[in-house]
Amino acid sequence: MAPVIAHSTETTIMAVVREGNLEAPTRHPLNWKDPEFYNEESLYSELERVYDICHGCRRCVSLCQSFPTLFDLVDESDTFEVDGVAKADYWKVVDHCYLCDLCYMTKCPYVPPHEWEVDFPHLMLRAKAVKYKKGDVKTRDKILTSTDALGKLAGIPVVAGIVNATNRAKPTRKLLESVLEVHADARLPEFQSRSLRSRLSANVDKQATGEAAGPTSGKVAMFATCYGNRNEPIIGEDLVAVFEHNGIPVTMAKKEQCCGMPKLELGDLESVEAAKNANIPVLAKLVDEGWDIVAPIPSCALMFKQELPLMFPDDADVKRVGEAIFDPFEYLMLRHKHGKLNTDFKNPLGKVAYHAACHQRVQNIGAKTRDVLSLIPETEVEVIERCSGHDGTYAVKKEFHETSMKIVRPVVNRVKKIAADHYGSDCPMAGHHIEHGLADGSQTEHPMSLLRQAYGI
């Protein structure tokens, strides 16, 4: 960008716009209740401004399909600039964004406090919210993001068996693809008839005392998550076993519902608020009673740590819960820092290919899962810091599945190259997507399950 020159009677001052930003990125609250937020003319203007900045930079081209889509639109236009791209095609970029946040946290040099203030994920979120408000959303997407309703229905014992069998059968999957536009080759999560909450019913509203260490109280309330509750309850069971092996009592809230992340990614912000209104009072009460909170799914932890505080910046309970919630391995490393982690490991793990989930990376906590697993003797952890392309729903959609498999391919190739004894991700859906890409009969293993194996418990 050309320098801006200001003249005075005595001197000439040259003010140059900085190229890049050396300060830590900051986030502005999401002003989603302001009517201007849904003003399409204003939205298009901001999309054009940000797209033009992205076009001139292109550092994010390897992250997801949003950026290659944008750059192809520009390169194929008559002007080779954003002004040559049809406004209707702007939505093609929006549809490929699944709010992983990696562009904001790891690539973009123009995020706040840079004067250009580019927040690509939250601009995409605004666009999705405008689209949702207009009713321009597929029935499929509303169904896929209604995780509590799906889990409750599919969790009925007889129904769970039928749903799981249907999801594995090619003929019915072809029918599902034609009717609901869920790709026939995409892996769909299995449903468990016995939920995590029923398996850990003794932990619900449990009373206990903990041994404080640093910022941790030494007793935690687990936010089970809809996926952990209905699809892979073993992750929550392993977490309880590991934490209690470390002298950390674990309780569960009397009730909870989806954290709201699927609805956030859909742009259904009213449903996000409804989920907040259901969860926050319960979790805030636990915090007031001295409990820390952990969530075994990175997206859920990020929702409470970042997205809800940005959506509801004046809600004291949201802020209090956000400050009290931890990633499980973040919590364990904080305990270890103060000498409170049990390091009496019984079983080495050998070589572990560990995929760092996007929604864990952007929590800015460091590679805590790697750090914990590296404490295990005769264990070598190879970290893969690249998006798997799953996102919970993106990878199962008919129009995006092949792209998601393209995105996961470099991760799959890294796992093959490492030739590890174990592989997995803190995001179980990412882990299964890698497993699906490998297609060699191997199975992903959650890091918490690996830690339990190492303890021999």
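1. A word on naming to begin: helices (H or I, at least four residues) and strands (E, at least two) are DSSP runs, numbered from the N terminus. By that scheme, L180 belongs to helix α9 (residues 170-180). Leaving aside neighbours within four places in sequence, L180 is in contact (heavy atoms within 4.5 Å) with R140 and I143. The C-alpha atoms of L180 and I143 are 9.5 Å apart, and the two residues are separated by 37 residues along the chain. L180 is partly exposed because its relative accessible area is 21%; buried means under 20%, exposed over 50%, and partly exposed in between (1.4 Å probe, protein chains only).

2. Please keep in mind that this is a predicted model: local features need pLDDT of at least 70, side-chain atom pairs count only at pLDDT 80 or more, and totals for chains, interfaces and linings use all residues. Residues are numbered from 1 along each chain as its sequence is written, and side-chain values use heavy atoms, with hydrogens and water left out.

3. Now to a helix pair. The axes of α20 (residues 401-418) and α21 (residues 428-438) come within 8 Å and cross at roughly 85 degrees. Axes here are lines fitted to C-alpha atoms, for helices over the stretch in contact, and angles run from 0 to 180 degrees between N-to-C directions. The two helices are therefore roughly perpendicular (65 to 115 degrees). Among the residues that meet are M405 and V408 of α20 and I434 and L438 of α21. The residues of this contact divide into seven nonpolar, five polar and one charged; Ala, Val, Leu, Ile, Met, Phe, Trp, Tyr, Cys and Pro count as nonpolar, Asp, Glu, Lys and Arg as charged, and the others, Gly among them, as polar.

4. What about the backbone? Most residues other than glycine have a negative phi, and most peptide bonds are trans. P112 and P113, however, are joined by a cis peptide bond, with omega about 15 degrees. P113 lies in the loop between α4 (102-107) and α5 (120-133).

5. Positive phi values are worth a look too. N364 has phi near 60 degrees and lies in the loop between α18 (358-361) and α19 (368-373). With a relative accessible area of 58%, N364 is exposed. D391 has phi near 70 degrees and is found in the loop between β8 (379-384) and α20. At 22% relative accessible area, D391 is partly exposed.

Note on methods: Parallel < 35°, antiparallel > 145°, perpendicular 65-115°, else oblique.
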